[in-house]
Amino acid sequence: MDHFKKAIIDNNISDLKSIYKVDIHNHAITSCTKEYLINHGIQLSNDKIDDIQSLINFSRSNLKSLQLEEKGLRLLLEGNFENCIETGVKIVGTSIDYKVCIRTFNYDVDRFIEFLKSFKYKNLEIFWDLSISRDSYLEEYKKIIIKLLKTKFFYGIDLVSTENIIPNLKFKDFYDLANSLNMVTKVHTGEQLGADYIYDCIMDFNPKQIQHGIHIIEDEKVMQLAKDRGIVFNVCPTSNIVLGYAKNIKEHPIKKMVEYGLKVTIATDDLLFFGSDINEEYLKLYKEGTLTVEQLDKIRLFGLSLFDN
Ligand SMILES: [Zn+2]
């Protein structure tokens, strides 16, 4: 039997760690483990994360000051990439907010990009996405975002945080530019809001990939639209459950998405908050009977195939 399938069926984590996979819904500064930070002398509060507000509070009290300096930022990113290598992630698509360029690098685009380029590993390919948080966006940031996109350093763009808190129209220019530069346009949608908002995001941004998108199963017309356009959904089951957007693993929408024939990858979102690495995500979906081992292997190979050429 195929190496991956056997490792899943046998619940063999050490074998799973040696099998290549991708993680392309990964937020760069919140994807190391808690243990990693504690081992590096960082004190973390014990606040439980069980909804979006507690997640924001945890970030504010534990991470905000750490990422203001290059040293702290480097620690967070190294922890992310070391975990990727340890868990068999061969390709990581990771997003970093443009605000990091402002806060940590004082608007110095060249220095910001040189810093990102300094992360190089033999066993891991890193594809950087520039993320834009809807919550903290102001018109005055438009210039720096355009400047960052025009460097062509970034592989993709991603719109994150509270869905529809600001009208999509505010971000449309960024997507038009990113699509014209042939970047991988991603958008967080259908995690918090329903299929109607996913539809709006597809029409407004013409994205190549959707982060989460789990509420799409509520509307078959939107599912068909996404299928026709070949949109890839990067789904993070544990994140959805911890934050209360999905009930449990067994009934997670990924099952219906896969059965409908949508293109799906499995990803971790924020390992620091949700504590479930890429191998654990695959194993949970198998153990709960959400997806078969064949479906899981197809998803894994599909993810890798996105980077063939
Ligand atoms: Zn996310």
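At what angle do helix α10 and helix α11 pack, and how many Å apart are their axes? The close-ups below come from a predicted model, and the first one takes up that question.

**View 1. Helix α10 packs with helix α11.** Here you're looking at residues 195-205 (α10) and residues 220-229 (α11), which meet at an angle of about 30° with their axes 10 Å apart. Since angles under 35 degrees count as roughly parallel, that makes α10 roughly parallel to α11. Their crossing is left-handed. On the α10 side, A195, I198, Y199 and I202 make the contact, and α11 brings V222, L225, A226 and R229. Sort the contact by class and you get seven nonpolar residues, one charged and no polar ones.

**View 2. Eight strands form an open sheet.** Follow the order β1-β2-β3-β4-β5-β6-β7-β8, with parallel pairing. At the edges stand β1 and β8 (263-266), each with a single partner strand, so one side of each has no neighbour in the sheet. Ignoring direction, neighbouring strands are turned by 25° against each other on average.

**View 3. β1 runs parallel to β2.** Five bridges join β1 to β2, which covers residues 89-97. Look for N26, which sits opposite T94 in β2.

**View 4. K21 is buried.** You'll find K21 in strand β1, residues 21-27. Is K21 buried or exposed? Buried: 26 other C-beta atoms lie within 10 Å, and 20 or more is enough for that label. Leaving out residues up to four places away in sequence, K21 touches G88, V89, K90, I278, R300 and G303. T162 is 141 residues from K21 along the chain, and their C-alpha atoms are separated by 29 Å.

Technical notes:
Residues numbered from 1 in each chain as written. Predicted model: local features only at pLDDT ≥ 70, side-chain atom pairs only at ≥ 80, totals over all residues. Axes fitted to C-alpha atoms, helices over the stretch in contact; angles between N-to-C directions. Helix = DSSP H or I, 4+ residues; strand = E, 2+ residues; numbered from the N terminus. Parallel < 35°, antiparallel > 145°, perpendicular 65-115°, else oblique. Left-handed = near helix turned anticlockwise from the far one by under 90°. Contact = placed C-beta atoms within 7 Å. Nonpolar A, V, L, I, M, F, W, Y, C, P; charged D, E, K, R; others polar. Buried ≥ 20, exposed ≤ 12 C-beta atoms within 10 Å, placed from the backbone. Pairing = 2+ DSSP bridges.
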